[in-house]
Amino acid sequence: MKKYLLGICFISLLLTAGCSNTPTVTGRIDAEVCSHYSEASGKIIETPASLGQEVKAGDILVVLDDTAAQYQLKQAQQTLLKAQYALAQASETIEPENIQQSRNQITIAEQNYNNAQAAYALISNEYQQQQQLYEAGAISQSALNQAAYQYTTSKAALTSAAAQVDNARQQLTLLQKKQTVSNQIRMAETDVQQAKNQVEQITDQLADYVIRAACDGTVLSFSFHSGSLISAGTLVADVSVNGENYWIGYVPEQYVKQLHYGQQVTLQTKELSEQAEICYMDVKQQYAPEEFQHSSTRNEKTVKVKCRLSADSAFVPGQEVQLNLEIL
């Protein structure tokens, strides 16, 4: 949570005309804001919420492209299936057919690796060309980022394919050495557990590509728009918390002695009057911000005061509201 000042708080000691002079301090309504940060990196592909929209906790604010993560999940799921298959094989007596099946797995893995290597070589060359074009000012940063993304994905695919070849060869070696069934089972069980852990981890990470509202409130701002590339830890959106609004203003020192924490005070406009509770008083006296000083209080010292509004208050963030000092 952070405090998000929607309007600059200022003081203006007013003496209203008419049959009575009522001293007031004019401040503004401030909102409690929940900031939402991205826990994943990627491109924004959807922003279901809009500025000023009322949202509930759990509503989707921003959706990131999770294509790369989905690819990693599929690879991890395939690895799990292979590990489970290996465990099942280890539980059986080693037969000549098992040796041949292992050799077939190596052939398939090697073919996949060759395909991945060819794709990587092509994309790597294209990425180098894009870098040169970018340095020459011929393409945009977005185009370079897209090329970098394709390069990273192809490199990951090559690494995965190499690992699959290595795993297939190791499996054949194990079969050929005719290790005891018990050793094979223990190894296969370990591989299955590791693969399960990887699938669970990636599945959990996929949830980070959907940024949801952490509270009920109103969408105040978006830091980026659809199509933007963001990094993990980046501020994405701010949502004001429903029922958490405050009045902030500067009270002249001659009235400060009448105030105390927890005190009920009256906030008012021409149309509305409400009760609020003082929840903060600065320990230091200061002059109000110069650009908002009133002629009658230009040389007066003031104290910053903060009042908590009721949950059903009709005042809204940014609204100018007066603190009535006469009835204190």
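So, which residue in β12 is the bridge partner of valine 265? That would be alanine 276. Keep in mind that this is a predicted model.

Let's stay with β11, residues 264-268, for a moment.

Next, the aromatics. We get 2 aromatic pairs. In one, the ring centres of tyrosine 120 and tyrosine 151 are 5.6 Å apart with the planes at 35 degrees, so we call that pair tilted. Tyrosine 120 is in helix α2 and tyrosine 151 in helix α3, 31 residues apart. In the other, tyrosine 127 and tyrosine 151 are stacked, 5.0 Å centre to centre and 20 degrees between the planes. Tyrosine 127 is in α2 as well, so this pair ties together parts 24 residues apart in sequence. Tyr120, Tyr127 and Tyr151 make up one aromatic cluster. Tyrosine 120 and tyrosine 151 are both buried, and so is tyrosine 127.

One more ring: the charged end of lysine 306 sits over tyrosine 246, 4.2 Å from the ring centre.

Last stop, histidine 36, in strand β3. Buried or exposed? At 5% relative accessibility, histidine 36 counts as buried. Its contacts beyond the sequence neighbours include Leu61, Arg212 and Val236.

Definitions and conventions:
Residues numbered from 1 in each chain as written. Predicted model: local features only at pLDDT ≥ 70, side-chain atom pairs only at ≥ 80, totals over all residues. Heavy atoms only, no water. Helix = DSSP H or I, 4+ residues; strand = E, 2+ residues; numbered from the N terminus. Buried < 20%, exposed > 50% of the residue type's maximum accessible area, 1.4 Å probe, protein only. Contact = heavy atoms within 4.5 Å. Pairing = 2+ DSSP bridges. Phe/Tyr/Trp six-rings, centres within 6.5 Å; stacked < 30°, edge-to-face > 60°. Lys NZ or Arg CZ within 6 Å of the ring centre and 35° of its normal. Lists of a residue's contacts leave out its neighbours within four places in sequence.
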